[in-house]
Amino acid sequence: SIRQTNESSFNNGEAFKEGSQTTTSSSYLMINSKTKERVISQNETLPRPSASTVKLLTGLVAMERLDEKGEITVGNEVTEIEGSKIGLKAGDVIGVEELLTAMYVHSANDAAAALAVAAYGSLEEFINRMNEYAKDIGCTNSQFKNPHGLPYPDQYTTVLDLTKIAATFTKNESLMKYVQMEKSTVEWTRVNGLKMVIPVKNTNELLNIYPGDQGLKTGTTTEAGQCLVTYVKNSDGEFILTLLGSEDRYEETIELLDQGLSMIRTRMALENIVSEPNSFTTAPGYYSP
């Protein structure tokens, strides 16, 4: 179904006045990441699970303490991990870069757990820091319970909060390079000395497909639905679109990005006409009597 939504400001940015259209089941927010203007939104403060998109926060918190060029020895935190993983076992030795590659390209849950414990000594301490970090950057309606996003009671966020996390993430050049990898390999050493090398492919199908797509993060669970955080840079500006609870994240993301960019271009064209009335008859593409 289609409906209109009213827009309001993101932080101190001015809102666009146009309405937005999309399905009513999902939550989404698109902002101009430079000006903090909200472009379109729906259910932006509705708490819901975020699945693996939480790994954007995991990387930010882990790299407060870890050396990207360092190595770690994996502990028991990886032994009961479900879902997407590379197959780490207690006692394995692996580089931080390899873990970041596994977490952001393959969306490996065991890599997220290993990074968390390596950074803060225990999952409990890491989770405490996750929630502190989120509050420090302005998140007001989120509660994180694990570093990978697998279903857990009372773990939730909103597209408004997740967009703030994403905006912080896009400023981190070291982490951004991982979410922009289409494919890579992950290498590590088993506790018995066996060398492991596995290929990984990015779970984000829009990367380098949608014009200007700079990547970010996917997430999918039965509870959360299909989730996708997207960062786009083009001649119109730099934009973050956060989508949670979708039934078709790629189609919906494309529709929302197209809609938002169309609104921006229409607004800019109208502003140009107001400031320079002659542009209506002289600008390419406009009707000339």
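In helix α2 of this predicted model, the buried residues are Val96, Leu99, Leu100, Thr101, Ala102, Met103, Tyr104 and Val105. Buried here means under 20% relative accessible area, with exposed meaning over 50% and partly exposed in between, for a 1.4 Å probe and protein chains only. Helices are DSSP runs of H or I with at least four residues, and they are numbered from the N terminus. Because 8 of the 10 residues of α2 (residues 96-105) are buried, this helix is largely enclosed by the rest of the structure. Just after α2, Ser107 adopts a positive phi of about 60 degrees.

Ala166 counts as buried because its relative accessibility is 0%. Leaving aside residues up to four places away in sequence, Ala166 touches Leu56, Leu216, Val229 and Ile240; a contact means heavy atoms within 4.5 Å. Ala166 and Ile240 are separated by 74 residues in sequence, and their C-alpha atoms lie 7.5 Å apart in space.

Confidence is expressed as pLDDT, the predictor's confidence in each residue, from 0 to 100. The chain has a mean pLDDT of 88, and 85% of its residues reach 70 or more. Over residues 1-24 the pLDDT is below 50, and this stretch has 72 contacts in the model beyond near neighbours in sequence. Residues 279-289 also have pLDDT below 50, with 11 contacts beyond near neighbours in sequence. Where pLDDT is low, the predicted coordinates should not be read in detail.

Residues are numbered from 1 along each chain as its sequence is written, and side-chain values use heavy atoms, with hydrogens and water left out. Local features need pLDDT of at least 70 and side-chain atom pairs count only at pLDDT 80 or more, whereas totals for chains, interfaces and linings use all residues.

Note on methods
Helices (H or I, at least four residues) and strands (E, at least two) are DSSP runs, numbered from the N terminus.
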